[in-house]
Amino acid sequence: MGEYTVTRTTTIAARPDQIYPLVVDLHEWQRWSPWEDLDPDLDREYSGSPRGVGAHYAWSGNRKAGKGDRKST
């Protein structure tokens with residue numbers, strides 16, 4: 001399998017100081033990510049920095065949630 005990247009953009013009706021903490025801390029993604037609801041038994045692993053650059057989040061779930069990771073750069 002090859003590697004690929006998907007990018008999307010959206011406009012959020014909120015101040016940056018309200019949104020930034022929810023994005024920079026990968027632990028907060030459970031609060032807003034639509035993917036989190038695809039598997040109630042999703043396995044999550046956090047490593048690296050606690051937040052921001054160097055933070056790493058990996059997940060593994062059912063067929064809908066799949067398996068992947070996110071590294072903050």
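A residue counts as buried when its relative accessible area is under 20%, as exposed when that value is over 50%, and as partly exposed in between, using a 1.4 Å probe and protein chains only.

The model is predicted, so local features need a pLDDT of at least 70 and side-chain atom pairs count only at pLDDT 80 or more, while totals for chains, interfaces and linings use all residues. Residues are numbered from 1 along each chain as its sequence is written, and side-chain values use heavy atoms, with hydrogens and water left out.

**The overall layout**

The chain has 2 helices and 3 strands, arranged along the sequence as α-α-β-β-β. Both kinds of element are DSSP runs numbered from the N terminus: helices are H or I runs of at least four residues, and strands are E runs of at least two. The C-alpha atoms fill a box of roughly 35 × 25 × 25 Å, taken along the principal axes. Contact here means heavy atoms within 4.5 Å. Among contacts with a separation of 6 or more, 21% join residues 24 or more positions apart.

A nonpolar core is a set of buried Ala, Val, Leu, Ile, Met, Phe, Trp, Tyr and Cys residues joined through side-chain atoms within 4.5 Å. The largest one in this model has 6 residues: Leu26, Trp29, Leu42, Ala55, Tyr57 and Ala65. In soluble globular proteins, nonpolar side chains tend to be buried together.

Leaving out residues up to four places away in sequence, Leu26 touches Tyr46, Ala55, His56, Tyr57, Arg70 and Ser72. One of these, His56, sits in strand E2, which covers residues 55-60. His56 counts as buried because its relative accessibility is 18%. The side chain of His56 also makes a polar contact with the side chain of Asp69, at 3.1 Å. Such a contact is a pair of N or O atoms within 3.5 Å; within protein, one must be able to donate a hydrogen and the other to accept it, and residues adjacent in sequence count only if both atoms are side-chain atoms. Beyond four places in sequence, the residues that His56 touches include Glu45, Ser47 and Lys71.

Thr7 belongs to the segment before helix H1 (16-24), and its relative accessibility of 66% is why Thr7 counts as exposed. Val53 is found in the loop between strand E1 (43-48) and E2; at 65% relative accessibility, Val53 counts as exposed. Past its neighbours within four places in sequence, Val53 touches Ser72 and Thr73. Gly61 lies in the loop between E2 and E3 and, at 31% relative accessibility, counts as partly exposed. Setting aside neighbours within four places, Gly61 is in contact with Asp39, Leu42 and Gly66.

| Pair | Separation along the chain | C-alpha to C-alpha distance |
|---|---|---|
| Thr7 and Asp17 | 10 residues | 22 Å |
| Val53 and Val24 | 29 residues | 8.3 Å |
| His56 and Leu26 | 30 residues | 7.6 Å |
| Gly61 and Val23 | 38 residues | 21 Å |

**The largest pocket**

On a 1 Å grid over the protein atoms alone, a pocket is an open set of points where a 1.4 Å probe fits, with protein on both sides within 12 Å along at least five of seven lines; lining residues have an atom within 4 Å of a point. The largest pocket is lined by 27 residues, and Val6, Trp29, Trp35, Trp59 and Arg70 lie nearest its centre. Helix H2 (29-32), E2 and strand E3 (67-71) each supply at least two residues of this lining, with E3 giving the most, 5 residues.
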